[in-house]
Amino acid sequence: MPAVTTESSPAPSTMGIAEKAGLQYEVEQFLYGEAALLDDRKFREWLALVADDMHYWMPIRRTVDRDNLDLEFTKLGGAAYFDDDKSDLSMRIAKLEAGSAWSENPPSRTRHFVSNVRIVDMEGDEIAVELAFHLYRSRLNGKVDNWIGKRQDRLRRVGDGFQLCRRHIFLDHTIIRSTNLSNLF
Amino acid sequence: MLETRGLDGSIDEDMISALIDGEQGTIDRRIYSDPEIYKLELQRIFARAWNFMCHESQIPNPGDYFINYIGEDQVIVVRDENGTVQVLLNTCRHRGNALCRAEQGNAKSFVCSYHGWNYGLDGTLLNVPGETHFYRDRIDKAAWSLVKAAQVDHYKGFYFATLDPSAPSLHDYLGEVGRIGMETMTAQGEVVAVDGVQKNVIDCNWKIAVDNLFDWYHVRISHGSAAKAGFVNLRMMMPMEQMVMLGEYGHAIGGPMLSEAHQAEIDKLSDGERAEINALSDEERAKWSPRIGERRPLRPKAAAEAMGPVGVRATGHPNIFPNSWISTRAMQISLRLPKGPFETEVWWFTFMPKKYSEAERRAAMKFIRLSFGPAGLLEQDDGENWSQSTHASQGVVGQTYPHNLQMGLGQDEVLEDPSGQKRIETHVNEHAQRWTYKCWAEWLRAKDWDELKKTRSPSPTGRI
Ligand code: FES
Ligand SMILES: [Fe+2]
């Protein structure tokens, strides 16, 4: 994992506070909007926000000793829960739409919470964002799952909006305590 | 709970026999929820069996360790200074604290975080704080080493361990069917483990998850959405020609097969020609054999020697009894680890042939990732079926109605090859599940390995 930056915003120093606040607002509104699409089960509309070169990745996290922290996450190319491109994501969405996707029929009820949003890098038309998430899922009548962690997203400015071109998901869990991961993060 | 028990609440042999009705093809649902049965499974199956630990490439250097389980006993699988793989119970001999809390890593020795007893990589108790002042030099350190697995061995780099000193050798335990199962993983040559084991918890009994690995009946129904989404093709998902091999002690292989005619076509190809076909995409490879649309990589000539003329045609799912499923084109092992009657941890290990090109590796990894694990387009839809099935076994009325395992019962023939290899060639069926439960009952009935060796069923012959 890249080192965590404590810089509140790496935006060019030429940016005034108002401009920074405006950018932060835009980024947050985009993230809230796409979270709402997922929670409202508007998966096609969510997919429309995904760039063609999307990389959607969730490595495996492990409990390791302090001396072995380099082993904490599997690396790119190792085993992972998700390592999807856009075509994989669209397949997941086609599956969600099929009535026989039993893991999501009856559909889960999800709520994506997004907070601690920080713009950590800006390069050309791309903005790297790091945030904390909490995905709550309630299934059937009594099953509850909570996934909490850090996300490293990359947004690309397209017209007057954004597209999502990277979502790297780092769970704060090791063994997944849920029956499946049938939802999008 | 079973109504008929001994005075101490225990269950006797007759009760176990009554749970599995091989003639009717039914099983008593209480095997999924009864706590006494679960306890007996830990004692008489897991503590006795050879259990898969890890692959040698996961712990290449001295001090490298990987944590696994034998039943609910946690074990450290570690390479010691001499390069020998040791399997040690992960519990301190002083007050039982766990020595390793991490899932894997590298250690110089194992120091207990409670009072500091220090054990070597081979489990020897090296140092006890206060040995002179507190113990007055009266502790017999040699007697308090970590508990070692009774036997540790590997099959071509895949390590197994048993806690029972009277268990047969790994080779004999696996028997022909278990060995063919293992050979499927090395058919393309030596393999190396991919870093990372997927692990998730399903609220189901471990046996329903094992039962499912042979289940080619559910695929079209449970996983129909993966076909609709374009990930797999329905015809491939439920192949009509199926082969079942049943081995002593409960090992089995069930699922698709190559017909003799198809194998004869493959036999004509040199290894070089097979490698060329294997380098194609799945779709292109399927075109090469239009009749059955075989998408799996072709096995090289050496595999036929190692697996035998029948074994080489078995392309279904092997289970190494009790709970190690060799899956996904024989590149993964999935363990169904028992965590109480109502909870199972599902682990996925992944292996890649060393000779794979980057492109072959990438294609295989993609197929694996999208198929299995909790986010797999196939596996996503399995867990709730198992969980609902397990929980229904607690209904006081529901549990009095047995499960139906009658598909194909008494309607097939065990064929014997001149080489001696036995198999059933048929349609989708439940032979492997019936065999698994039959052997399961034999394991539970037998008081020890000697009795199990005497009473276990031989690989079946004739009408089945
Ligand atoms: S429990 Fe390990 S040293 Fe006391
Ligand atoms: Fe399945």
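Start by selecting Lys199(B) and Glu103(B): their side chains meet in a salt bridge, 2.8 Å from N to O (a side-chain nitrogen of Lys or Arg within 4 Å of a carboxyl oxygen of Asp or Glu). Keep in mind that this is a predicted model, where local features need pLDDT of at least 70, side-chain atom pairs count only at pLDDT 80 or more, and totals for chains, interfaces and linings use all residues. Residues are numbered from 1 along each chain as its sequence is written, chains are lettered from A in the order in which they are written, and side-chain values use heavy atoms, with hydrogens and water left out.

Now colour chain B by domain: domain 1 is 51–155 and domain 2 is 169–463, with bounds from an automatic or database domain assignment. For the contact (heavy atoms within 4.5 Å), pick out 18 residues from domain 1 of chain B and 22 from domain 2 of chain B. How much area do domain 1 of chain B and domain 2 of chain B bury between them? About 1600 Å², with 63% of it on carbon and sulfur atoms; buried area is the accessible area (1.4 Å probe) that two parts lose on being put together, summed over both.

Next stop: the chain interface. Bring up 41 residues from chain A and 40 from chain B, which make the contact. About 3400 Å² is buried between chain A and chain B, and carbon and sulfur atoms give 50% of that. On the chain A side, click Met91(A), Lys95(A) and Thr179(A), which lose the most area to chain B, together 18% of what that side buries.

The rule finds nine salt bridges across the interface of chain A and chain B. Zoom in on Arg369(B) and Asp88(A), whose side chains meet in a salt bridge at 3.9 Å, N to O. Then select α3 (86–97) of chain A: α3(A) gives the most to the side of chain A that touches chain B, with six residues. Helices here are DSSP runs of H or I, at least four residues, and strands are runs of E, at least two, numbered from the N terminus.

Last, go back to chain B for helix α11 (residues 301–311), where the buried residues include Met307(B) and Val310(B) (buried is under 20% relative accessible area, 1.4 Å probe, protein chains only). The buried residues of α11(B) pack against α3 (170–186), β15 (242–246) and β23 (422–426) of chain B.

Technical notes:
Buried means under 20% relative accessible area, exposed over 50%, partly exposed in between (1.4 Å probe, protein chains only).
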